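The model shown below is predicted.

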Amino acid sequence: MVAAAPPASDLQSIAALDQRLSNAVRGVRILRTVALPAAQAEPFLAAHAAGRLRMPVADYHAPDLSAARAELDAILVAIPHAHPLGGYLQRAASAWRDATLMLEAVGTPAASALSAHLYGSPRDAIPGTTLSSAAAAREFVAVAAELGGELQDSAELHDIDAATLQTELRAALDAFFGAGSVAVELDAELAAKAAAGASRIRLRSASRFSAYDRHQLLAHEAFVHTLTARNGLLQPALGSLARTSPHVTATQEGLAVYAELISGGMDLARLKRISLRILGIELALSGADFIEVFRFFLGHGHDAADSYNSTARIFRGVPLRGGYAFAKDTVYLHGLLSVHTFFRWALRGRRLSLLRRLFAGKMALSDVLDFEPWFDTGFIAEPRYLPPWIASMQGLAGSLAFSLFINRIPMDEVSAANWRARTDA
């Protein structure tokens, strides 16, 4: 017997609470608040070049988010928990509330603990495995080290300046989203190489990029982060799907990194960089200070500028003296492995529509499962935009089917030895 659908008044209540949620978090700017001042990079790198490293100055300004938190508390009380969509509102509002506490603690040890609560720790086990994010990162770094010598000659040059990439990305985005829909801007203050929103993508103006970077930025920033934000803006009832609640970060970044991988935009250096950042977080939490983590990246072959930028990401919003870290970069491998597992599960269960629906806004894997009946009724809109690699399911399904198939074939040491013997003959 099929359960009766909740009355329309209940859906109106959910939509009203969601609108309140969107309004409440409008001024909660996570990455902007925790970023180390961009002006610290130049003197730090100049001191490094002169052989006299010194600690950057972290000058943070903690916002007063008490009004936003009070409204989030009121929303949490008002959520109808018996409603099937109540779980989504609970997860989103609770995550945003925790984010307000983290931002008000910016620059203190409490910010480190709160970031780990929101994003996880390198020591946490990846769901469905006994492997921690740090252990997975070490495996990826080891693989990169094994293959690095063979692939060194084909390494891409960083020969594209930011202005040239701006022009190229603008043309691609105009063709995909419509002329003028998404701006591409240069930003001298940007800590990351790039950042994406619903209506613009920013590039760090001092950076130089490779052909892989260009591919990666389109796959990751444009066709996941910007695309899901734009689809979220088109939602008729759940406008909060246009915003990146901390509870969706692992899925968002997992999707974005998977997009790089499936579309051929993930090179060895990128995979190693993601993994090393997780190990850098682990190192910082174990007591390493900013300079020690900077030297860790130098020791793994990164140049001074890349080492500084990766270290600055790890120490966003927390004391620089060691023992603390901003945990967001922990989600990349965790998210990638979780998304890949979810995609394989959806293929095995013949529920590929879920994969398209993941792009209807910024949601977690658990959210898309809760949303399934509401897509069917139209309360949640299907995505208008889809990444090229998922718009046509045949290629994705073939890749996932091969992944399922190959995992059923054990490759023991005897088989490996046989291949080595044949190759050497």
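## The largest cavity

The largest cavity holds about 40 Å³ of space. The count of cavities of 30 Å³ or more comes to 1.

Its lining is made up of Leu 21, Ser 22, Val 25, Tyr 88, Ala 92, Trp 96, Ser 240, Arg 243 and Ser 245. Sorted by class, the lining of the largest cavity has 5 nonpolar, 3 polar and 1 charged residues.

H5 gives the most, with 3 residues.

## H5 against H6

Besides lining the largest cavity, H5 packs on helix H6 (residues 109–119). The angle between H5 and H6 is about 165°, and their axes lie 9 Å apart. Angles over 145 degrees count as roughly antiparallel, and H5 and H6 are therefore roughly antiparallel to each other. Their crossing is left-handed.

On the H5 side, the contact is formed by Ala 95, Asp 98, Ala 99, Leu 101 and Met 102. These residues meet Ala 111, Leu 114, Ser 115, His 117 and Leu 118 of H6. By class, the contact of H5 with H6 has 7 nonpolar, 2 polar and 1 charged residues. Asp counts as charged, and Asp 98 of H5 is among the residues in this contact.

## H12 against H13

Helix H12 (residues 290–299) packs on helix H13 (residues 304–314) at an angle of about 135°, with 8 Å between their axes. That angle makes H12 oblique to H13. The crossing of H12 and H13 is right-handed.

From H12, the contact takes in Phe 290, Val 293, Phe 294, Phe 297 and Leu 298. From H13 come Ala 304, Ser 307, Tyr 308, Ser 310, Thr 311, Ala 312 and Ile 314. The residues of the contact of H12 with H13 divide into 9 nonpolar, 3 polar and no charged.

Terms used
Residues are numbered from 1 along each chain as its sequence is written. This is a predicted model: local features need pLDDT of at least 70, side-chain atom pairs count only at pLDDT 80 or more; totals for chains, interfaces and linings use all residues. Side-chain values use heavy atoms; hydrogens and water are left out. On a 1 Å grid over the protein atoms alone, a cavity is a set of points where a 1.4 Å probe fits but cannot get out, and a pocket is an open set with protein on both sides within 12 Å along at least five of seven lines; lining residues have an atom within 4 Å of a point. Grid points are joined across faces, edges and corners, and a volume is the space filled by probe spheres set on the points. Helices (H or I, at least four residues) and strands (E, at least two) are DSSP runs, numbered from the N terminus. Axes are lines fitted to C-alpha atoms, for helices over the stretch in contact, and angles run from 0 to 180 degrees between N-to-C directions. Angles under 35 degrees count as roughly parallel, over 145 as roughly antiparallel, 65 to 115 as roughly perpendicular and the rest as oblique. A crossing is left-handed if the near helix is turned anticlockwise from the far one by less than a right angle, and right-handed if clockwise. Contact means heavy atoms within 4.5 Å.
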